[in-house]
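Subject: Structure handover

Hello,

I am passing this structure on to you. Please open it first, then read the notes below.

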Amino acid sequence: MRSKRYITWWVLPAGLLFLLIILVPFITALTYSFRAFSFTDSTATGQFVGLDNYRKLVFDKDFYNSFKVTFLYMVPAIVLQGALGLIMALVMSSAVRRARILIPIMLLPTLLTPVVIGLVGVLVLNPDFGVLGIWLHRTGLIKEAVLGSSKWALPAVILVDTYQWTPFVAVILAAGLLGLPREPYEAAEVDGASPLQTFFRVTMPLLWPYFVVAMLIRIIDAFRIFDIIWVMTHGGPGTATEAVAVYAYRHTFRYWDFGYGSALIMVLFVFISIMVEYLYKVLQRWQRAGAV
Amino acid sequence: MAKIMVQNLWKRYGELQALQDLSFKCAEGQFFCLLGPAGAGKTTTIKIIAGIEMPDRGEVFLGDQCVTDIPPWDRDVAVAFETYALYPQRTVRENLSFPLRAPKRKEKLSEEEIEKRVVEVANLLGIGELLDRLPRQLSGGQRQRVALGRALVRKPAAYLLDEPIAHLDAKLRHRMRGELKRIQRELGVTTIYTTPDQLEALSLADYMVVINGGKVEQAGPPGEIYERPVNVFVARFVGDPPMNILRATLDGEALLVQGILRLPLPSATQQALAQRVNGREVLFGIRPKDVRVVAPSGEEAQLEAVVDHIQVLGATSVLTVSNEQISLRVKTSTKGAPAHGESIGLAFDLASVHFFDAETEKRIALD
């Protein structure tokens, strides 16, 4: 094959870009995690300290707290987004053709950057002039400022995150629904299945691969949540909304402790890698199994 | 058990006119075959009778009742889908038993009765061992048998079987044909069966309808359709290998085929034909089995030709033979068949020949 001679040149631009913006920072962070390197500590000038940073991490209560916060945010958010996304997808796929022009509008939150969505959340929840904040205050449901409350700040983050990502789940599921074969539905009709039976016997099993993929993408994404939280609460009040990525950011760019911050990020990286590996395996399995 | 009648069915899918004024009657307890090539409208017809699709125009009668506006679950028909349409997350047993349990069904059976029927049908179809498997663990042929079983497990007013054995291997298909015929006779349930395979239709049907392009071409018992096809389409579609259709004119007492072959006709046939065609060109149809291979330039030889192609079908072979004016398919026994490229003579048996109008391609009836 003659084209093989030029393959290096074709791959080069993408390869360089990958090297510059992914591989170099990654390796830098990896090496930092084995060094004592901090702007605020004059003795930590980048010398190699082996696993010291990781040892510190094992005994860091705040680190465990950040994992707890990540899970406390992730589990309800994923469940909510899965359930609401499914309902939204069912509505979207059953909508008459003319109503489908509304679908792009429903997608708007997903298309915006999380920072903007986070700011919208801050505005809406403001107790003095936010629509929801004023209402919550007046009805007495939540008396304190929502984002200033260690009890309500995390639910608020979950809500805003759900607002942003439910349409994303819905689009994947709606695409799946529109592609499902019609015959099993026809068979269910002839068999005399109830709507609920049809949903559980036909729709859910056939839609399951799409559901798993949407949920896995969201879980991987949720692990590294940073921007919405940073904009809304900076991880506070206290450490109430301090997810792993937020905690790592605080150490790196607030305390300027690059060594420890990098070690934190490496742990997060391992977790996310495991999830990605799993997602890849699931996708492969679906591909091999094919449609039933 | 009920007779089934469809009247003037029209159905359009976007640009495609699937059915055009389709009507037929299927008597009570009949094994009724709907024969047609792919895209003829067979599946659409089945779906309309089942109530899954609504016709744009026309009526469906089940028994004496017009059921056009009745939903599928109230029609008391059982459908075997060509595409299987099994419930993916349910075992074979659950797939088979669901039609007996579904809440919208009036007949209520005890668990033992359900299990008994499921096992009965599964054994009948040779899938008794597979009851606890999931559809995705089955081969295509096994899935198709489950799909068929899901219909047979019930005792409805009518079975609607849409190419139910098309995906089985040849041997099993042959056995299932016999089984289906036997089951249908025993149960006496009115059955509409679609197939693109003319041999299957001929061997199974009490009565059959040939459809093409959403229209009925011919309806009748298999024998009649084979013996007296009403037009060139049916003549070519039913019977394998397909009938030879050749251009011919009457030339005195004889028929001049493709300007080269002179066939002396019996005088009654010749007179009847002369009356109807009035000197115009006709289409002359003769089945490959009615052309014999004889020695070239022998006494019997009415035509000489060269063998272009040989297709061996076991004991018989189909030859494609030609000379400059004419090309024919000939069925002959494999033993003693001529070789490729060999010159042969052909003799024509005129006991069962067919004539069609050259323009309308309709049968010219001579009796």
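Here is what was found, part by part.

This is a predicted model: local features need pLDDT of at least 70, side-chain atom pairs count only at pLDDT 80 or more, and totals for chains, interfaces and linings use all residues. Residues are numbered from 1 along each chain as its sequence is written, and chains are lettered from A and ligands numbered from 1 in the order in which they are written.

Chain B overall

Chain B has nine helices and 20 strands. Both are DSSP runs, numbered from the N terminus: helices are H or I with at least four residues, strands are E with at least two. The C-alpha trace of chain B spans about 75 × 45 × 40 Å along its principal axes. Of the 367 residues in chain B, 39% are buried. Buried means that 20 or more other C-beta atoms lie within 10 Å of the residue's own; 12 or fewer is exposed, and anything in between is partly exposed, with C-beta atoms placed from the backbone. Among contacts in chain B with a separation of 6 or more, 66% join residues 24 or more positions apart. A contact needs C-beta atoms, placed from the backbone, within 7 Å.

The open sheet

Six strands of chain B form an open sheet, with mixed pairing, in the order β6-β7-β8-β3-β9-β10. Its edge strands are β6 and β10 (215-220) of chain B, each pairing on one side only. Two strands pair if DSSP finds at least two bridges between them. From one strand to the next, the twist averages 15 degrees. Inside this sheet, β3(B) (31-35) and β9(B) (207-212) run parallel, joined by four bridges. B:Leu35 stands opposite B:Val210 in β9(B). Helix α1 (42-50) of chain B lies across β3, β6, β7, β8 and β9 of chain B, at about 155 degrees to β7(B). Axes are lines fitted to C-alpha atoms, for helices over the stretch in contact, and angles run from 0 to 180 degrees between N-to-C directions.

Helix α4(B)

Helix α4(B) covers residues 140-152 and reaches 18 Å from its first C-alpha to its last, close to the 18 Å expected. The expected span is 1.5 Å times one less than the number of residues. Eleven of its 13 residues are buried, so α4(B) is largely enclosed by the rest of the structure. Among them are B:Arg143, B:Arg145 and B:Arg150. The cover over the buried residues includes β6, α2, α3, β7 and α5 of chain B.

Strands around β11(B)

β11(B) (244-251) pairs with β14(B) (282-286) in the antiparallel sense, over five bridges. There, B:Arg247 has B:Leu283 as its bridge partner. β11(B) also runs antiparallel to β12(B) (254-257), joined by four bridges. B:Ala248 is bridged to B:Val257 in β12(B). The hairpin of β11(B) and β12(B) has two residues between the strands, and B:Gly252 takes a positive phi near 65 degrees.

Where the chains touch

Chain A gives 16 residues to the contact and chain B gives 20. On the chain A side, α9 (183-191) and α10 (195-223) are the elements that give two or more residues. The largest share, seven residues, comes from α9(A).

One residue in chain A

A:Val122 sits in helix α6 (114-125) of chain A. A:Val122 counts as partly exposed because it has 18 C-beta neighbours inside 10 Å. Not counting residues up to four places away in sequence, A:Val122 touches A:Leu147, A:Val231 and A:Met232.

Best wishes

Terms used:
Two residues are in contact if their C-beta atoms, placed from the backbone, lie within 7 Å.
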